[in-house]
Amino acid sequence: MADALPPRLIAHLDMDAFYASVELLRRPELRGLPVVVGGRRASPAAGDDWPRLRDYTGRGVVTTSTYEARALGVHSGMGLMRSAALAPQAILLPADFDEYRRLSRLFKAAVAELAPAIEDRGIDEIYIDLSDVPGAREAVGHDPLGGARALAQELKNNVRRATGLSCSVGLAPNKLLAKICSDLDKPDGLTVVMAEDVASRIWPLPVRRIHGVGPKASARLESLGVHTIGELARQSPAWLSDHFGAHHGEWLLAAAHGQDDRPVVTESEPVSMSRETTFERDLHPRTDRALLGRIFTDLCERVGDDLRRKGYVGRTIGIKLRFDDFRTVTRDHTVALPTADGQLIRAAAGQCLKRINLSRRLRLLGVRVGNLSHAVGIDTPPTATARAPMPEPAPIRRPTAAAQRKAAPAPVEAGAQGQSLSLFPEWDDPAPPAPD
DNA sequence: TCTGGGGTCCTAGGACCC
DNA sequence: TCTGGGGTCCTAGGACCC
């Protein structure tokens, strides 16, 4: 018999327009203006004026924009060129991640002083379990949630004191509802939603506001006539299961009813680390081969550096390519011994590359290492010594016929064959001879 | 004038082992 | 010469999130 769990008190805290707000901290004269953070470098400024969106050329998207820029239609993820058409006069600043990480640590520490059970959800947001914080569950005056509300306000005050920045907080019995309601009164909001408020406060919202319902699922629901969370809540389990599968359907229905048992997870281990880059112009595997080889090697070394700096090694090395038509393919390969060595990563990644048909120009190249474990000692992966008596070689798996078809589609024309992978098995990037 | 970079989780099929 | 089921690992792709 599943006893009802004791009701919880969960907060979701989200920094308001975080990157843009950090930029305004050091450039207060820009307050009130449309400001966009994004792009690779500072765009050229005319005279001593600030760099403007209209002067930017090249690839890139908006990372964050101030509320003034959002009012002009400029939102995160939008291409900078398209944004420039909407807000040519907006000021464009390059991202300074070191500074954002510094402020991120500050705001999280400020919260931890009052409530230590924090789940990290990235640079600018966290969940906080307030269930066991003294006073949080006390009624204050006629407000049964007064203690929680006061605590949430204290969290906001602490964050502002530590960083000079505002945030929005949602307070609810679970993470799902807390996340939705932190967004209901941005910026600088404090919103409480309890189970009995779900019908009045949550059901009128579009399904897209459920964390986990993205563009695809919401479009699918729309096409089936389900627009709001309330309409989703009215569907039968069988109907949802038919359209979304048993598992996903069940989850959608529970979410629509504001139900969510997930705990606040205060500690976690990384699963993978990766580096990728989108080129300024699409590169051709043959004519830009040398350049691609250097970029490829550099990505491998940077992933290796990241792993070593953080004390991890990984067994599964993978690559990611995006072609000029935006099609993305990945290949990966699991090796016997985990590594954080750039050269070993490069070798495995090179093997992966041989399995891809390189007949189109590329816009992106990425390298990933997964299957992580903690590095033990220096360059001593745990399995190298712990495995007795000898490290087991990786089983040789012959690719299936289907996999082979996918990896190397039979060239249908002579021309296609000329472009196939056999001509350039990988972008050899021999290390230059040592200078001494 | 399209569409960044760093992640997580899920699914599904095949290999392989018992 | 054919037929099992279950469990785990590996790989590829896709949805989604910040």
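In which helix does Lys156 lie? Lys156 lies in helix H5, which spans residues 146-163; helices are DSSP runs of H or I of at least four residues and strands are runs of E of at least two, numbered from the N terminus. The model is predicted, local features need pLDDT of at least 70, side-chain atom pairs count only at pLDDT 80 or more, and totals for chains, interfaces and linings use all residues. Residues are numbered from 1 along each chain as its sequence is written, chains are lettered from A and ligands numbered from 1 in the order in which they are written, and side-chain values use heavy atoms, with hydrogens and water left out.

Lys156 has a relative accessible area of 7% and is therefore buried (under 20%, with exposed over 50% and partly exposed in between; 1.4 Å probe, protein chains only). The side chain of Lys156 reaches the backbone oxygen of Cys167 at 2.9 Å. Beyond neighbours within four places in sequence, the contacts of Lys156 (heavy atoms within 4.5 Å) are Cys167, Val169, Asp188, Gly189 and Leu190.

DNA strand B is surrounded by 21 residues, each with a heavy atom within 4 Å of the strand; Val271, Ser274, Glu276, Thr278 and Arg363 are the closest. Of the atoms of DNA strand B that come within 4 Å of the protein, 70% belong to sugar and phosphate. Strands S9 (272-283) and S12 (362-374) each supply at least two residues of this surface, and S9 gives the most, with 7 residues. Phosphate oxygens of DNA strand B lie 2.7 Å from a polar backbone atom of Val271 and 2.5 Å from a backbone N or O atom of Glu276.

How values were computed
A polar contact is a pair of N or O atoms within 3.5 Å; within protein, one must be able to donate a hydrogen and the other to accept it, and residues adjacent in sequence count only if both atoms are side-chain atoms.
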